[in-house]
Amino acid sequence: MTAEWNVEAMRNVAQLKNKLRKDLLSRRAALSPEDRSFFSEQAQRRVLESAIWKQARTVALYCSARGELKTDRLLQHAWQEGKSVLLPRCLPPAAGEGMMVMARCYGWDDLEPGYFGIPEPKKSCPVVPREAVLSELPDLIVVPAVGIGRRGERIGYGRGFYDRLLALPGWKNAVRIAMVFSCQIDAIPISEEDVLLHGYVTEKEAVWLCLSPSPFRV
């Protein structure tokens, strides 16, 4: 009975997420190019001014696409500041559903069109093992999101790439934040496999959800 209830509960959460995902993507798509550009600058500035960014030696980022809040300034600053930069490379379906690796990149020339045309590390970029030792793992992970909840809940694109990665030993010890437009903040239903974030940043605010002092400027 309990197993049946769990299956039904998971199905209900998935249905709620699918409906909410469509609504959140519509909100994001409704932003003008001017607003999207200005809001991206504001949000990235908040991250760059934070203590977690300044203290991080290795950062896991992503190349923004499909109308997401831009990450170009974070990438450029990370390389200029000499940080080690990890970027995701999605694996083909033969590797398993929703599987990806993080590869070390040293500049824009290390990128090429990948999954859905999104820039990814070239095959020549060294891959960080999924079961990596602590010294190889990022201090800070900035994750993409379709929506964020006020308690750190995250809704992605539905393929589970980041949920699987962040659930691995070691990876979940890194500080996890997301950058989204403020219109993407909503009540997010969650399931057992969802990994909560430590904070999130929008064009209006930087929110820290842990008990430790906030690393963001007030």
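The following legends describe close-up views of a predicted model.

**View 1. Buried residues of helix α4.** Helix α4 spans residues 72-80, and its buried residues are L74, L75, A78 and W79. These residues lie on the same side of α4, because they cover an arc of only 125° around the axis. An α-helix has 3.6 residues a turn, so residues three or four places apart point the same way. G82, which has a positive phi near 80°, follows α4.

**View 2. Surroundings of the buried residues of α4.** Among the elements against which the buried residues of α4 pack are the helices α2 (33-48) and α3 (51-55). The strands β1 (58-60), β2 (84-90), β3 (100-105) and β10 (175-179) also pack against these buried residues.

**View 3. Packing of α2 with α4.** The axes of α2 and α4 are 9 Å apart, and the two helices pack at an angle of about 35°. From α2, the residues E41, Q44, R45, V47 and L48 meet D72, R73, L74 and H77 of α4. The contact of α2 with α4 comprises three nonpolar, two polar and four charged residues. L74, which takes part in this contact, is also one of the buried residues of α4.

**View 4. The largest pocket.** The volume of the largest pocket is about 790 Å³. The pocket is lined by 34 residues, of which Y157, G158, R159, G160 and F161 are the closest to its centre. Two or more lining residues come from each of α1 (2-29), β2, β5 (119-121), β9 (154-155) and α5 (161-166). Helix α1 gives the most to the lining, with six residues. By class, 18 nonpolar, five polar and 11 charged residues form the lining of the largest pocket.

How values were computed:
Residues are numbered from 1 along each chain as its sequence is written. This is a predicted model: local features need pLDDT of at least 70, side-chain atom pairs count only at pLDDT 80 or more; totals for chains, interfaces and linings use all residues. Side-chain values use heavy atoms; hydrogens and water are left out. Buried means under 20% relative accessible area, exposed over 50%, partly exposed in between (1.4 Å probe, protein chains only). Helices (H or I, at least four residues) and strands (E, at least two) are DSSP runs, numbered from the N terminus. The arc is that of the directions from the helix axis to the C-beta atoms. Contact means heavy atoms within 4.5 Å. On a 1 Å grid over the protein atoms alone, a cavity is a set of points where a 1.4 Å probe fits but cannot get out, and a pocket is an open set with protein on both sides within 12 Å along at least five of seven lines; lining residues have an atom within 4 Å of a point. Grid points are joined across faces, edges and corners, and a volume is the space filled by probe spheres set on the points. Ala, Val, Leu, Ile, Met, Phe, Trp, Tyr, Cys and Pro count as nonpolar, Asp, Glu, Lys and Arg as charged, and the others, Gly among them, as polar. Axes are lines fitted to C-alpha atoms, for helices over the stretch in contact, and angles run from 0 to 180 degrees between N-to-C directions.
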